[in-house]
Amino acid sequence: MDSKKSAKRFLALYFLIFFGAIFLRVDYFPFSWVPMYGYHVNGPAVTVAVGHLGQRERGFAAWRADDLGVPAANFRRLYHQRAFNQGPPQDDRERAALMPFNRWWYETLVGPDPRLDRRYADQLLVSVNQTFGYGPRDPRRIVRLEAELDFATFEHPDVAVGNLSRPTIERRTAIITEQGAFLRKGGTVTPMPRRFERDAIE
Amino acid sequence: MNSETISRRSLVDRFFFDWHDAAALGAVRFYFGLGLAIYLNIQFDQNLKIDAFGAHFHFTRPIWYFSLLGIDTNVPWISFAVMALLTIACLLFALGKWTKPAIIAIIIGIFYMKGVRDSFSGDVHHREIPIFALLILFLFSKCDRMFGIDARKKKLPPIEPWESSWPLRAMQIYIALFYFWALVAKLRLSGLDWFTGGGRIQHVLISRAVRDGFTPTGEVVNLSLGWELAQMPNLVWFFGAMVFLFELFFPLILLVRDWRLKLIALIGATVFHLANYFLMNVQFFFYPFVFVTFFNMNLFHEWLMGKLRLRRSVAAVAT
């Protein structure tokens, strides 16, 4: 930049691009509208996964984390979230409370709302098999993964006064097969929901 | 052109071009580059915590540019090589040797390492976004013309103060507004629900504290401080209100010239990042190194060198 005029032109373009991404709610690196922890919905209760380091180190029912070559923090997300068909946070917030213009460009240029068709658990089984080089017809392929985890539910009145001493603990098991992903709670096994209607999530 | 337009233009000129002296940009580059080497090692450390010659994990969700390039598998040893090159590039950038190529190498290295880290499970982190924006400004500025090896060896002519000032001011705007946009995003997505009662902060405190489980005696394994705080909703609400005020008013720092006032504001921001780390394990704790862009680091450097020279001469006299 050899003149102030060219520097100002550059700055105008620079801020148009970086701050334009904020208006358009772009969150694709290296641009962001800085949503990070911004998405929050008040509910009647707070349900969180209660981890268990030893269990996580043992890994999925058949394969250990270090066998897969996945860093611990990423493996936690695979075990706690993807196995239970929960996507990354950006999928939950990307299309939440969008104004019409931004919804239009997202659905035209990026694709459908990721919240409406969730196949995170299925993708996990595909990734594990492909990591070991097992194709869809390979007889050595892994046909079932399981992840077991406790979930703690804190009722809102307790949370509001800071009483975290009496959550309801429920053991859930994610069962991922080629026929779909299932959730075992108590003594019952139910398919994990994949498809959602927009009305149900907004 | 009427007088009002002239006055408005001169205000823009004063804001961008009349703030720092000529040597400031090169000195900021030096300290920023050193900090960047540490920051990136912290950010991408997890890519290096797996067996370099172990399994090639097939990403569950490659980041968008990996998808475009057809990169769907992690080859672990590449991360080790890229991290070494990235660190070297940061040091070359800091020292002002092959500065512009080093910036391009850093950007490519960040894209690769971030791509790997975020593609395992598909969570896209935001910790490299401001870094990229600042590196673009270094790239298009004359940051290599002073305070560096090439500048000294090639006897490059010094730059004008305005050439040093505008990139630094643009960096400051980006950094300051990053906080402000984060507040706008909270309000766009969640409204005041984010702050109501314990709000989002209490929810994150609980989920982060229990994610590694409990000890046999009933204590959380990690983040016990966050667990304790989650049980004090009034205090959590107070911190939420502080976050609101901090993010709302932080851009005012752009109007402050006094380095002491800026230091106070930036210490506040640093406390914010450290608290997020110790309470919720949010990995922005070394991010405050970017605040060197707010100061005349040339004056700081001269002061630091003066102190070191004084210490050496005292030691020499004593011996």
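In this predicted model, helix H8 of chain B, residues 161–190, packs against helix H11 of chain B, residues 233–249, at an angle of about 125°, with the two axes 7 Å apart. Because of that angle, H8(B) is oblique to H11(B). The crossing of H8(B) and H11(B) is left-handed. On the H8(B) side, the contact is made by Tyr179(B), Phe180(B), Ala182(B), Leu183(B), Lys186(B) and Leu187(B). H11(B) contributes Val243(B), Phe244(B), Phe246(B), Glu247(B) and Leu248(B). Sorted by class, the residues where H8(B) meets H11(B) are nine nonpolar, no polar and two charged.

From H2(B), the residues in contact are Ala24(B), Ala27(B), Val28(B), Phe30(B) and Tyr31(B). They meet Met297(B), Asn298(B), Phe300(B), His301(B) and Leu304(B) of H13(B). The contact of H2(B) with H13(B) holds eight nonpolar, two polar and no charged residues.

The two pairs are set out below.

| Helix pair | Angle | Axes |
|---|---|---|
| H8(B) and H11(B) | about 125° | 7 Å apart |

Two loop positions in chain A complete the report. Arg95(A) lies in the loop between helix H5 (89–94) and helix H6 (100–110) of chain A. With a relative accessible area of 1%, Arg95(A) counts as buried. The side chain of Arg95(A) reaches the backbone oxygen of Gly111(A) at 2.9 Å. Apart from neighbours within four places in sequence, the residues in contact with Arg95(A) include Arg25(A), Arg103(A), Tyr106(A), Glu107(A) and Val110(A). Gly111(A), Pro112(A), Asp113(A), Pro114(A), Arg115(A) and Glu202(A) are also among the contacts of Arg95(A).

Pro167(A) sits in another loop, the one between helix H8 (156–160) and strand S3 (168–177) of chain A. Pro167(A) is partly exposed, its relative accessible area being 26%. Leaving aside neighbours within four places in sequence, Pro167(A) is in contact with Ala152(A), Thr153(A) and Phe154(A). Of these, Phe154(A) is 13 residues from Pro167(A) in sequence, and the two C-alpha atoms are 4.8 Å apart in space.

Technical notes:
Residues are numbered from 1 along each chain as its sequence is written. Chains are lettered from A and ligands numbered from 1 in the order in which they are written. This is a predicted model: local features need pLDDT of at least 70, side-chain atom pairs count only at pLDDT 80 or more; totals for chains, interfaces and linings use all residues. Side-chain values use heavy atoms; hydrogens and water are left out. Axes are lines fitted to C-alpha atoms, for helices over the stretch in contact, and angles run from 0 to 180 degrees between N-to-C directions. Helices (H or I, at least four residues) and strands (E, at least two) are DSSP runs, numbered from the N terminus. Angles under 35 degrees count as roughly parallel, over 145 as roughly antiparallel, 65 to 115 as roughly perpendicular and the rest as oblique. A crossing is left-handed if the near helix is turned anticlockwise from the far one by less than a right angle, and right-handed if clockwise. Contact means heavy atoms within 4.5 Å. Ala, Val, Leu, Ile, Met, Phe, Trp, Tyr, Cys and Pro count as nonpolar, Asp, Glu, Lys and Arg as charged, and the others, Gly among them, as polar. Buried means under 20% relative accessible area, exposed over 50%, partly exposed in between (1.4 Å probe, protein chains only). A polar contact is a pair of N or O atoms within 3.5 Å; within protein, one must be able to donate a hydrogen and the other to accept it, and residues adjacent in sequence count only if both atoms are side-chain atoms.
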